Structure formats: C-alpha cells, structure tokens
Amino acid sequence: MPELKERFLKNRRGLCKLAFAAAVCVAALALTGAALGRTASAQQQTPEEKVYRVGTLQAAPTGNDVYLHYTGLVQPAATEQCTFGAVGTIRTIYVKEGDAVQKGQVLAEIDPDDAQRQADNLKRVAEQADSTAATAQKARDEAQKDYEKACEGANGDDLANAKSARDTAQASRDAKQAELEGYNAQVEADRRQLAGAEEEVTAAQAALDAAQKKLEAAEEKKAMLPQDAPQSDIDSAEAEIKAAQVEVDTAQGDLETAKGNQTAAAAALATSQGLAASAQTQLAALETELTARQAAYDALKGQGGGSAAANLQKQRLDAAESALSAAKSAQIAARNNYESAVQALGDCRLKAASDGYVIKVVGSEGGLATPLAPVVVLGSHEAVAQFGASQSDVRSLAVGQSAAVTVEGQEYTGVVKSIAVLPDETTRTYTVDVEIGGDTGDFYLGEMAAVKIGVGERTGTWLPLAVVMNDGEDYVYLVENGRAVRRTVTLLDVSDDMVLVSGLENGGQVISEGMKTVRSGSAVSVG
C-alpha cells in the first residue's frame, strides 16, 4: 500500500506540472498575438523615411606638401658678453640700452691711472735692461778681441780667414739687431698713434650724438607749434632745424675722418709689428750663423791658445759671455713685462667686437669691473625666430631650409640657421634658430613669431580637416547604397587645412557637406 500511495503522489505531481506548463504556453501565445497586433497597427502609422541631401568627395591617394608650424620668440642672431680684461673701477659708461654700436667703438672705461703707472715703471725697467744688455755686449766684444790678440799667429791664414768670417757674421748680426730696435721703436710710436686715433673717434662719436639730440629737439619744437602759428615762428623753427642739421653733417664728417685715421693707424701698427717680427726671425738666424762661425774660429784659435796670456783672456771672455747671456735674458723678460703692461692699459677701454646694439647695460659707473662679469651685453642686428622642435620633427629639419616667419602680421623670408644637437633638459625639445631675412625693422626681443617650414611632399589619403569629426574617436561618413555609413579613421599628419588619414585605403565617397546632420544608417542623396 505505501508503494501505491507513493506512485500516486508522484503521478499527481507530474500532472500538475504538465497543467502549469500548458497554462504558461497559452498565456505566452496570447501575449504574442497581442504584441503582433500592436506592431501591425504601429507599422500602419509609421511616416515616410527622411532622405538627407549631402555633398561628397572621392577618397583616393594623392600627394600634398607638408609644413611644420611653430611659435617662437624673436632673438638676436648673436649676443656678446662684453667684459674688461683687467680689474678696476668703472669710470665711464658711454652707451645706454638700445644704442647702435660699431665694431671697435669704446663702450666703457675703467680708471687707467694704476695701469698707466705700471706701464711707465715697466718701460723704465725695459730701457734699463736694454742699456745693461748693450754694455754687456760691448764688454764681451772687447774680451773677444783681447783673446784673439793673445792667440794671434797661432794658425796663420786659416785663423785669419775664420776670424774674418766670424767678424762678417757678427757685423750682420749687429746690423739686424739695430734694425730690430728701430722697428720696435716704430711699433711703440704706432701704438701711441692708434690710441690717439681711438680717442678722436670716441670724441667725434660723442659730438655726433650731441648734434643729433639737438636736431631732434629742434624738430620736436617745430612739431609742437600750433597749426595757426605765425609764419615767423615757423621760419625760426626751420632755421634752427637747418642749423642743427649742418652740425650733424659736420659731426658725421668728423666721425668718418676720425674712423679713417683710426683704420690707417691700425694698419700702420700692423705693418710695423710685422716688420719687427720678420726682423726678429732674421736676427735669430744670424745669431745661429754667428755661433757657428765663432765655434769654428775658437776651434782653430784653441790650437794655439795654450799660453798663459791666452788662457787668462779666455777666462775673461767666458765670464763676459755669461754676463751677456744673463743680460739678454733679463732684457727679454723686461720687454715682455712691458708689453703685458701696455696690453693691460689697453684693457682699460672696453670695445665692441662687432656691429650691433646694446641689449643691456649690466655694470654701473663706480662699480667694480672684472674679467668674469659682463659690463655691457650686445646683440647683433640680425634677428632669428627661436623655437623648440620635438624629436620626431627635428629629423625633418636641416640647416639651410627655407621658412616663412610672421611677426605682427608682417611676413618675412627665413632660413634655418642652426639646430641644437642636444635637447633642452626641461622641455626635451631641440632649439632651432631661423634667421629672418629682408627688412626686419626694429623687432622687440621676445616678440612672438609664427614659423612655417616646408618639409616636402607626402602621399596618402588627404582629406579636408573639416570633414573629420570626433566623439572620442576620429571618423567620417561614407555613402554606401544610399546610406550614410560611419568609418573610423586615424590621423597621421596635418598640413594647413588638410589631414592625412588611414582607414580609407579602399577609397569611397566621403560626405563633405551635410555630414553633421546625418547619422549612421541615414538615407542620403548626393547632389
């Protein structure tokens, strides 16, 4: 009985499950029918599909010029840190920021009194050394003659011939020594002449600056006259301008004359220095020849110089030659010290090494000048646009490439002048200087400059930048079978308003007009 009861309960549970499943199926069929009814009803109410009119362009590989664009700063092409070669107190600064300067123009001066005293003292020491060397030379020559007399007759004609050759070499040496001293004196005179000429240039420049300021004041005075000013006032102002212009012209002429004198004096100094150097070289050669002639003579003379008198004179000669050698060494050292002092005196005047203009005056009158601290910073008249190029861009750049530089709306021609070989430690970009050509006018340092450099043609699928859209990824719309189809692209390069893309290697009609009104799947017509 328990087994029958259990089978009954089991069959009952199975029947319940079948009944429940049947009920679920019936309900599902009912819901499906209702849904189908609603769908059919909705389809009967759907309006006609909208068709969007668009413009297209054909995507295909083409070539396009590629340009790199940068924003840089206007800088001078070269700068010069002007420092004194000596330590001293700055007495006068002759320039101010913005002044144009010329090569060789005196920019500033330190107090030269100490340097002048040092040069004067060393000049006296050098003159004394010259006198001592001359006395030692005379003593040596006399000792030589006494020794020769003691040895005379020892070797007959051979000794006489050797003595004659020695005397001839000595005469040539002495003549060249005198010639060198004359050239050295001329070098000293030419150096003084050049210093005077440089002072004349400085004075003439100051006079011209004063005359130009006077002319500017006269012109400003006339410009300030009211429009209804009496004719007499206008005539008076014009006469004042005319007189000031005459002063400027006269001062300009005086400056040119002074510069000419300076150039001539510098050329004369270079000539005398060259002659002195040549004479010094020739003197060294004559000294060598005299030494050889003397050795040959001494060898013959020594063969008969064994007498007591000859030995005594030989000792005197040796002592005189030692004294002469020491005197000449002292003479050379004294001359070198004097030349250094003259150079130090010249270092008291700070001069421009090239044409340019004053960027900044660092020192001040009364301040300390040293060779380590610049007093004036100069910039060249030539300007460059300076910017940093990335590692990828710098491989496309080369010195000599042409460029277009725009400053304050004015475009100038340019050329790549230099490219740094090491990157900036902070930005990791490579500094590039583009020299700005043409009439650059008066640029201000640090002005913004737009630089455009062509790096050649690149072939690929180029599209107008305006047709590429972005919603987190770059894409375009193509027309396929009358529908707008979205296609993702990758931007490879940009040149002006064109962009190089990948993802359209198979071509296609790219929607170029109306692409912002369509969506993927929209019906479109091209026209």
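Which residue stands opposite Thr406 in strand 13? Glu411 does.

This is a predicted model, where local features need pLDDT of at least 70, side-chain atom pairs count only at pLDDT 80 or more, and totals for chains, interfaces and linings use all residues. Residues are numbered from 1 along each chain as its sequence is written, and side-chain values use heavy atoms, with hydrogens and water left out.

**Strand pairing**

Strands (E, at least two residues) are DSSP runs, numbered from the N terminus. Two strands pair if DSSP finds at least two bridges between them.

| Strands | Bridges |
|---|---|
| Strand 3 and strand 10 (residues 376-379) | four bridges |
| Strand 12 (residues 402-407) and strand 13 (residues 410-419) | six bridges |
| Strand 13 and strand 14 (residues 430-436) | five bridges |

Four strands form an open antiparallel sheet, in the order 3-10-8-5. Strand 3 (79-82) and strand 5 stand at the edges with a single partner strand each, so one side of each has no neighbour in the sheet. Gln81 has Val377 of strand 10 as its bridge partner.

The hairpin of strand 12 and strand 13 has two residues between the strands. There, Glu408 takes a positive phi near 50°. Ser418 stands opposite Asp433 in strand 14.

**Glu97**

Glu97 sits in the loop between strand 4 (88-93) and strand 5 (100-101). Its relative accessible area is 46%, so Glu97 is partly exposed (between buried, under 20%, and exposed, over 50%; 1.4 Å probe, protein chains only). Beyond neighbours within four places in sequence, Glu97 is in contact with Val358, Ile359, Lys360 and Val361 (heavy atoms within 4.5 Å). The C-alpha atoms of Glu97 and Lys360 are separated by 5.3 Å, although the residues are 263 apart along the chain. A polar atom of the Glu97 side chain lies 3.4 Å from the backbone nitrogen of Val361.

Key
Polar contact = N/O pair within 3.5 Å; in protein donor to acceptor, adjacent residues only side chain to side chain.
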